[in-house]
Amino acid sequence: MPGVSFIKILFFYPILFYQNCMDTRSGDCYNNDWSSNVVDCAGNIVIGRFTANEKISKQFSNIIGGKFGFNFTIVKFDSWDFVDTVTVFADEIELGKFYYNAGDGVDMCFAFYQELFDSKAYQFRLPEGRNSLKLTLQGHFDEPLTNEGWGAKRFTLEILQPCVEFYSDCNFQGEAWRICSGNQTSQARKIPFEIKSILIANGIQVKMRDPKYHGGQTQTYTSSQYCLSSYQFPKYNLNA
Ligand SMILES: [Ca+2]
Ligand SMILES: [Ca+2]
């Protein structure tokens, strides 16, 4: 292999990948990605209300990472009791399940029972090679909205451990080979196939150089590459 070939990756993190409905009266609460249900509770806009077995989800594609952080605020509306729960999922992984007592909080809106706004924070990992993610809040309630319900807002998804993934086919298909922050030294030093596409989260820089490619000039990528013409690469050098 030519000695000049190298890959250098600059990771900056955490990466705030997504946020929605952050403020008391954000416009994006109305055009959110989760549900067309939006309510106003004492001047605070919330995605909701939901009851029975209603769930809300958001699908992310072309997302890559070793470790993620998912935060949101759950809103208890009126009289929850012990059988009423909301469960949080990242794909098939259950991140948590929670409930409240009927009297938790103070009455702010709707029926004369209490409301509560409660921040939730979860961290999770996805299996290597997966580059999509579905986040879900699943409720289980036994009474109607006149008695109890739930909502949510202040959604953020952070990439706590960013990665770059190289693929043997265009559009992030085929064989995958991943480098994550913090584990470079444990990775093989050679990418085992011709690179056709690269999945790169915002804020990461990938520098590559090879005599067979762009006349040997260093290429810097700061966004995903869907289909490279040809890149037969070489060596991966952590400190190049
Ligand atoms: Ca109330
Ligand atoms: Ca109930």
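**Close-up views of an all-strand model**

Q225 counts as buried because 20 C-beta neighbours lie inside 10 Å. The rule is this: a residue is buried if 20 or more other C-beta atoms, placed from the backbone, lie within 10 Å of its own, exposed if 12 or fewer, and partly exposed in between.

This is a predicted model, in which local features need pLDDT of at least 70, side-chain atom pairs count only at pLDDT 80 or more, and totals for chains, interfaces and linings use all residues. Residues are numbered from 1 along each chain as its sequence is written, while chains are lettered from A and ligands numbered from 1 in the order in which they are written.

**View 1. Q225 sits in the segment after β16 (219-221).** Leaving aside neighbours within four places in sequence, Q225 is in contact with S197 and I198. Contact means that the C-beta atoms of two residues, placed from the backbone, lie within 7 Å. C170 is 55 residues from Q225 in sequence. In space, their C-alpha atoms are 8.5 Å apart.

**View 2. The whole protein has 16 strands and zero helices.** Both are DSSP runs numbered from the N terminus: helices are H or I with at least four residues, strands are E with at least two. Of the 240 residues, 34% are buried. Contacts between residues at least 6 apart in sequence were sorted by separation: 73% join residues at least 24 apart.

**View 3. β13, β12 and β14 form an open sheet in the order β13-β12-β14.** The pairing is antiparallel. Two strands pair if DSSP finds at least two bridges between them. Which strands stand at the edges? They are β13 and β14, each with a single partner strand, so one side of each is left without a neighbour in the sheet. Neighbouring strands here are turned by 20° against each other on average, direction ignored. Axes are lines fitted to C-alpha atoms, for helices over the stretch in contact, and angles run from 0 to 180 degrees between N-to-C directions. Four bridges join β12 to β14. F166 has I198 in β14 as its bridge partner.

**View 4. β14 has buried residues pointing both ways.** S197 and L199 point one way. I198 and I200 point the other way. In a regular strand the side chains alternate between the two faces of the sheet. Beyond four places in sequence, I200 is in contact with V164, V206, Y221, S223 and S224.

**View 5. The largest nonpolar core has 28 residues.** A nonpolar core is a set of buried Ala, Val, Leu, Ile, Met, Phe, Trp, Tyr and Cys residues joined through C-beta atoms within 7 Å. Those with the most contacts inside this core are I9, V164, I198, I200, I204 and V206. Strands supplying at least two residues each include β1 (6-10), β6 (67-78), β12 (163-169) and β15 (205-209). The largest share, four residues, comes from β12. Domain 1 (6-12 + 163-221) and domain 2 (15-161) each give at least three residues to this core. Those bounds come from an automatic or database domain assignment. A second, separate core has 18 residues, among them C21, V75, F77 and W150.

**View 6. Another open sheet has four strands in the order β5-β10-β7-β8.** Its pairing is antiparallel. The edge strands are β5 (55-61) and β8 (93-98), each pairing on one side only. Neighbouring strands are turned by 10° against each other on average, direction ignored. Six bridges join β7 (residues 85-90) to β10. A90 has L135 in β10 as its bridge partner.

**View 7. A121 lies in strand β9 (residues 116-124).** Is A121 buried or exposed? A121 is exposed, with 12 other C-beta atoms within 10 Å. Not counting residues up to four places away in sequence, A121 touches G69 and N71. A121 and N71 are 50 residues apart in sequence. Their C-alpha atoms are 4.4 Å apart in space.

**View 8. Residues 235-240 have pLDDT under 50.** pLDDT is the predictor's confidence in each residue, from 0 to 100. The model has 15 contacts beyond four places in sequence for this stretch. Where pLDDT is low, the predicted coordinates should not be read in detail. For the protein, the mean pLDDT is 88, and 88% of residues reach 70 or more.
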